Amino acid sequence: MSGGLAWHARDLVLDPAERTLVVGILNVTPDSFSDGGRFLDPEVAVAHALRMVEEGADVIDVGGESTRPGSDPVPADEELARVLPVIGAIAAARPELPISIDTRKPEVAEAALAAGARIVNDVGAGRAEGMFEVVRAAGAGMVLMHMLGEPKTMQESPRYDDVVAEVRAFLRERLEAAEAAGIEPEALVVDPGIGFGKTLEHNLLLLRHLEALTELGRPVMVGPSRKRFIGAILGLPEGERDEGTVGAVVWAVAHGATIVRVHDVRSTVRAVRVADAIARVER
Ligand code: HH2
């Protein structure tokens, strides 16, 4: 809850001790489930990134491959053509701003880090060969996220005996693998991967028992933004899930998350600042 472990990302130390870190989502894709097609033009994408920074985003997460349920993989050259101009332009406009690259591919991560990114947000948790080496060589920060299966089929019939224990065990194993590959522990963040091979109940259980992930000793990130589980609860489409997202985010922050990944930065920042003030008041 209050306090929080620092996160090292190249030359920067991101410190959630004072306040929850808010990661603004920038999908440079034609098909992301919520913002697909909106930010394909690099100028529009950069303007959106800078607006999210004005609204209080601490990190901008740039993605060039949708991993929504049912999506097909994107070739690396296509992904690179989408993200590199945007990362380069944001880094030129705001050299001090932490940019993360949302990718599963080491070659995309490497080029994004060379273009000015400081963090690799890997929904594959470093399972692609060479990913950890790229992160280590750059001294980058890294997000290790849990996903059951592959985006194309992950929602077909996800099954766990104990979703919380299994996600925690997976993340522990990936932390150990990253450290064995030479990545410093302070560079690593864990994420339960809301919606990645999970039913509504699995997502709710992971949020309900989020504190179990803080036992891993690294900052916990969550990304519930506009996802299907919110639509299932409220009966609302993607465009009307920001209030539901705020509800999930505030719950997560009160139960151990210190980093949240969202589309609507403005409402999230306003909500988590209030949660932060409550969590940090001294008696
Ligand atoms: N969710 C998505 C993508 N990347 N990264 C982390 N660390 N955690 C998440 O929960 C997460 C993520 C999926 O959401 P989005 O980027 O909005 O959609 P799409 O995959 O369709 O681009």
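**Figure 1. Helix α1 (residues 42–54) packs on helix α2 (residues 76–93) at an angle of about 45°, with the two axes 9 Å apart.** That angle makes α1 oblique to α2, because angles under 35 degrees count as roughly parallel, over 145 as roughly antiparallel, 65 to 115 as roughly perpendicular and the rest as oblique. Here an axis is a line fitted to C-alpha atoms, for helices over the stretch in contact, and angles run from 0 to 180 degrees between N-to-C directions. Helices (H or I, at least four residues) and strands (E, at least two) are DSSP runs, numbered from the N terminus. The crossing of α1 past α2 is right-handed; a crossing gets this name if the near helix is turned clockwise from the far one by less than a right angle, and is left-handed if anticlockwise. Look for Pro 42, Ala 45, Val 46, Ala 49 and Leu 50 in α1, which meet Pro 85, Val 86, Ala 89, Ile 90 and Ala 93 in α2 (contact means heavy atoms within 4.5 Å). By class, this contact of α1 with α2 has ten nonpolar, no polar and no charged residues. Ala, Val, Leu, Ile, Met, Phe, Trp, Tyr, Cys and Pro count as nonpolar, Asp, Glu, Lys and Arg as charged, and the others, Gly among them, as polar.

As you explore, keep in mind that this is a predicted model, in which local features need pLDDT of at least 70 and side-chain atom pairs count only at pLDDT 80 or more, while totals for chains, interfaces and linings use all residues. Residues are numbered from 1 along each chain as its sequence is written, and side-chain values use heavy atoms, with hydrogens and water left out.

**Figure 2. Helices α2 and α3 pack at an angle of about 20°, and their axes lie 10 Å apart.** So α2 is roughly parallel to α3. Their crossing is right-handed. On the α2 side you can find Ala 76, Glu 79, Leu 80, Val 83, Leu 84 and Ile 87, meeting Glu 107, Val 108, Ala 111 and Ala 112 in α3. The contact of α2 with α3 divides into eight nonpolar, no polar and two charged residues.

**Figure 3. Helix α3 (residues 106–114) meets helix α4 (residues 131–138) at an angle of about 15°, with axes 8 Å apart.** This makes α3 roughly parallel to α4. Again you will see a right-handed crossing, here of α3 and α4. Pro 106, Ala 109, Glu 110 and Leu 113 in α3 touch Met 131, Val 134 and Ala 138 in α4. Six nonpolar, no polar and one charged residues make up the contact of α3 with α4.

**Figure 4. The largest pocket holds about 530 Å³ of space.** On a 1 Å grid over the protein atoms alone, a pocket is an open set of points with protein on both sides within 12 Å along at least five of seven lines, whereas a cavity is a set where a 1.4 Å probe fits but cannot get out; lining residues have an atom within 4 Å of a point. Grid points are joined across faces, edges and corners, and a volume is the space filled by probe spheres set on the points. Of the 35 lining residues of the largest pocket, Phe 33, Arg 68, Ile 194, Phe 196 and Lys 227 are the closest to its centre. Helix α8 gives the largest share of this lining, three residues.

**Figure 5. The largest cavity has a volume of about 40 Å³.** Among the residues lining this cavity are Trp 7, Asp 61 and Arg 261.
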